[in-house]
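Colleague: Can you put the model up and take me through it? I have a few questions.

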Amino acid sequence: MGRSLLSSTFIPLRFPQLPKPSLPFNRSIRPFSPTFPPYSRRIHGFSIPSKPLCAKAVLSESPNPKTYPKIGADSFGPIPLSQLIQVVELAANTGAQVVMEAVNKPRNVTYKGLTDLVTDTDKMSETAILEVVRKNFGDHLILGEEGGFIGDNSSDYLWCIDPLDGTTNFAHCYPSFAVSVGVLFRGKPAAAAVIRNHSYDYIKDEYTQGRKFLQTFSLIIVITTVGLPLPLIEVEFVGGPMCWNTRIFSATTGGGAFCNGQKIHASQTDLVERSLLVTGFGYEHDDAWATNIDLFKEFTDVSRGVRRLGAAAVDMCHVALGIVEAYWEYRLKPWDMAAGVLIVEEAGGTVTCMDGGKFCVFDRSVLVSNGALHSKLLERIGPATEKLKEKGIDFSLWYKPENYHTDF
């Protein structure tokens with residue numbers, strides 16, 4: 001992993017000893033956030049003046065940010081938290097092992113639709129996760145992306161499993177995919193985990209008190225630590241061909257959000273023009289898709305950029321990690337969102353529907369942010385969503401099990 005891929009000569013990497021700081025590392029401080037002069041751009045390391053933003057590009061100031069309802073469960077129910085943690089961790093890691101074993105092998109791809117694909121790895125990962133959950137909680141209800149509902153609808157617990165979030169990326173070896181496991185108690189996220197793939201990782205560097213990226217030309221070095229995930233777990237695969245690795249995001253209601261065992265927090269950026277945003281687009285090119293294309297254009301014009309990486313759980317974890325400020329998308333499914341939304345909320349972020357309404361995992365739209373920008377983003381996203389409703393676009397709950405008891 002620490003070898004150059006540029007030539008056949010391997011050059012050992014040496015990391016200098018850095019003096020210990022007098023201040024402790026503070027993850028809430030957003031590293032590498034230089035202050036540029038008003039209306040300037042950063043190009044090749046230089047601050048270059050540019051024309052002022054046009055009037056339509058300026059969003060209103062929000063000196064007193066609005067507060068939004070929490071989406072996390074009020075209780076874990078009768079199951080001890082430690083037991084829930086153990087099983088969620090085991091389930092997510094079991095699925096991640098299946099994906100890791102397949103990541104450098106040829107893919108067997110089939111199609112659910114014209115461009116909506118599935119691989120054997122999706123199915124194998126889900127089978128492995130289901131085996132873990134059913135062995136430990138045989139009376140729980142499970143919703144898997146590939147297999148649908150399994151179990152007892154009268155259970156208060158619903159496991160939402162995405163065995164391979166970002167399947168298209170996985171099929172192309174593009175480093176943005178994950179295994180995502182979330183547990184709902186009476187319809188609200190109680191615990192979640194995401195084990196995810198990525199093309200970089202951050203290193204805790206007490207000397208700089210921030211993130212340091214080690215990159216030389218085409219060489220990307222991923223350095224991770226191992227921590228104990230809590231019951232909401234996402235496993236992210238990081239690196240790329242010949243250097244895959246993982247990092248683990250986890251959260252429980254009221255217990256905070258973690259990456260590789262270290263507590264994480266959403267960014268404190270409160271200006272749209274200094275934010276990096278993320279969105280996603282579904283496979284149906286309908287009115288909601290067209291509306292989001294317009295939102296993509298609008299926010300590209302007023303922010304530092306809008307990314308589209310193609311893995312919802314991964315995108316939400318990036319909001320929680322503080323490396324992007326917000327993510328939104330229409331038409332996501334419960335397995336896409338159950339883990340990620342809780343990780344964001346426990347990292348200090350905010351979660352609502354795209355019209356600003358209270359969110360649940362059976363909703364058809366989601367906006368997650370660092371909290372500081374939420375109201376400003378809704379100034380654009382809210383009215384666009386209301387217009388879709390006026391057109392008769394369906395925003396009712398979906399994939400909610402019949403007779404499943406919820407607290408909302």
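**Walking through the model**

Modeller: The protein chain exposes about 19100 Å², and carbon and sulfur atoms supply 54% of that. Accessible areas here come from the Shrake-Rupley method with a 1.4 Å probe, and for residues only the protein chains shown count as cover. This is a predicted model, where local features need pLDDT of at least 70 and side-chain atom pairs count only at pLDDT 80 or more, while totals for chains, interfaces and linings use all residues. Residues are numbered from 1 along each chain as its sequence is written, and side-chain values use heavy atoms, with hydrogens and water left out.

Colleague: What percentage of the residues in the chain are buried?

Modeller: Of its 408 residues, 51% are buried. Buried means under 20% relative accessible area, exposed means over 50%, and partly exposed is in between (1.4 Å probe, protein chains only).

Colleague: And how many helices and strands are there?

Modeller: The chain has 7 helices and 20 strands. Both are DSSP runs numbered from the N terminus: helices are H or I with at least four residues, strands are E with at least two.

Colleague: Helix 2 next. What span should it have, and how far apart are its ends?

Modeller: Helix 2 covers residues 120-136, and at 1.5 Å a residue its 17 residues should span 24 Å. Its end C-alpha atoms are 25 Å apart, which agrees. The expected span is 1.5 Å times one less than the number of residues.

Colleague: Which of its residues are buried?

Modeller: In helix 2 the buried residues are Thr121, Asp122, Ser125, Glu126, Ala128, Ile129, Leu130, Val132 and Val133. An α-helix has 3.6 residues a turn, so residues three or four places apart point the same way.

Colleague: Then helix 5. How many of its residues are buried?

Modeller: In helix 5 (residues 312-321), 10 of the 10 residues are buried, so the helix is largely enclosed by the rest of the structure. Among them are Asp315, Cys317 and His318. Just after helix 5 comes Gly322, with a positive phi of about 85°.

Colleague: And helix 6?

Modeller: Helix 6 is mostly covered, with 13 of its 13 residues buried. Those 13 residues (334-346) should span 18 Å at 1.5 Å a residue, and the end C-alpha atoms are 18 Å apart, which agrees. Gly348 follows helix 6 and has a positive phi near 95°.

Colleague: Which non-glycine residues have a positive phi?

Modeller: Tyr399 is one of them, at about 60°, and Asn403 is another, near 70°. Tyr399 is in the segment after helix 7 (374-390), and Asn403 lies in the segment after helix 7 too. Tyr399 is partly exposed, with a relative accessible area of 33%, whereas Asn403 counts as exposed at 65%.

Colleague: Switching to strand 20. What does Val366 contact?

Modeller: Val366 is in strand 20 (residues 365-369) and is buried, with a relative accessible area of 0%. Leaving aside neighbours within four places in sequence, its contacts include Met316, Trp328, Met337, Val351, Met354 and Phe359.

Colleague: And Leu378?

Modeller: Leu378 lies in helix 7 and is buried, at 12% relative accessible area. Leu378 and Met354 are 24 residues apart in sequence and 7.2 Å apart in space, C-alpha to C-alpha. Beyond neighbours within four places, Leu378 is in contact with residues including Tyr68, Met354 and Leu367.

Colleague: Last one: how much space is in the second largest pocket?

Modeller: About 940 Å³ lies in that pocket. It has 44 lining residues, of which the closest to its centre are Asp116, Phe281, Gly282, Tyr283 and Lys333. On a 1 Å grid over the protein atoms alone, a pocket is an open set of points where a 1.4 Å probe fits, with protein on both sides within 12 Å along at least five of seven lines; lining residues have an atom within 4 Å of a point. Grid points are joined across faces, edges and corners, and the volume is the space filled by probe spheres set on the points.

Conventions. Contact = heavy atoms within 4.5 Å.
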